Amino acid sequence: VLLTDPIPEVRAATIYALSCLIGGAQSEERKRIEINLGLTLPIINVDGSPMCRKELVIFFSKLVNEYEEEFLSAAVDITREEIKLQAEKRKEEQLRKSQKYSSRSDLFSFSRSKDNLVNNKINNSNNNNNNDNNNNNNN
């Protein structure tokens, strides 16, 4: 309720109070609460008050400092996942390119075979006409 108060000083004081709670967590429950706070506070990321934004930056710096290993681990996992996705994307692009080129060569070979068929028909037609002319001349 205090994070959505219309008075910016109240919101800033609330963020400051929450940031004072970060650190020194010895139980798993307290760690979970601190991390949940870190997930909840970005709601006020769009706050127009510079005072609130400053306190929010301080809060996140304390949170990252306290859970640096977890943040680094998450960053490494995200980076690995991005690398996998980029590699898959490159493979798909290469496959599409190879299919594109193979379809072009198929079209080219189809076109050449079609041209050969047309030429063969023309030659056969000419041969038939020549044979007919020779037969007419013989009669």
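Which helices each supply at least two residues of the lining of the largest pocket? In this predicted model, they are helix H2 (28–40) and helix H4 (68–138).

**The pocket.** Start by selecting Ile-35, Gly-38, Leu-39, Pro-42, Leu-63, Tyr-67, Glu-70 and Phe-71, which line the largest pocket. Its volume is about 180 Å³. H2 gives the most to the lining, with three residues. Colour the selection by residue class: six of the lining residues are nonpolar, one is polar and one is charged.

**The core.** Keep Leu-63 and Tyr-67 selected; both belong to the largest nonpolar core. Helix H1 (8–21) and helix H3 (50–66) each supply at least two of its residues. The largest contribution is that of H3, with four residues.

**Ile-22.** Leaving aside residues up to four places away in sequence, Ile-22 touches Glu-34, Phe-59, Lys-62, Leu-63 and Glu-66.

**The aromatic pair.** From Phe-59, move to Phe-60. The structure holds one aromatic pair, and these two residues form it. The arrangement is edge-to-face, with the rings 5.5 Å apart centre to centre and 70° between the planes. Are the two partners buried or exposed? Phe-59 is buried, because its relative accessible area is 0%. Phe-60 counts as partly exposed, because its relative accessibility is 26%.

Terms used. Residues numbered from 1 in each chain as written. Predicted model: local features only at pLDDT ≥ 70, side-chain atom pairs only at ≥ 80, totals over all residues. Heavy atoms only, no water. 1 Å grid on protein atoms, 1.4 Å probe; cavity = no way out; pocket = protein on both sides within 12 Å on 5 of 7 lines; lining within 4 Å. Points joined across faces, edges and corners; volume = space filled by probe spheres on them. Nonpolar A, V, L, I, M, F, W, Y, C, P; charged D, E, K, R; others polar. Phe/Tyr/Trp six-rings, centres within 6.5 Å; stacked < 30°, edge-to-face > 60°. Buried < 20%, exposed > 50% of the residue type's maximum accessible area, 1.4 Å probe, protein only. Core = buried A, V, L, I, M, F, W, Y, C linked by side-chain atoms within 4.5 Å. Contact = heavy atoms within 4.5 Å.
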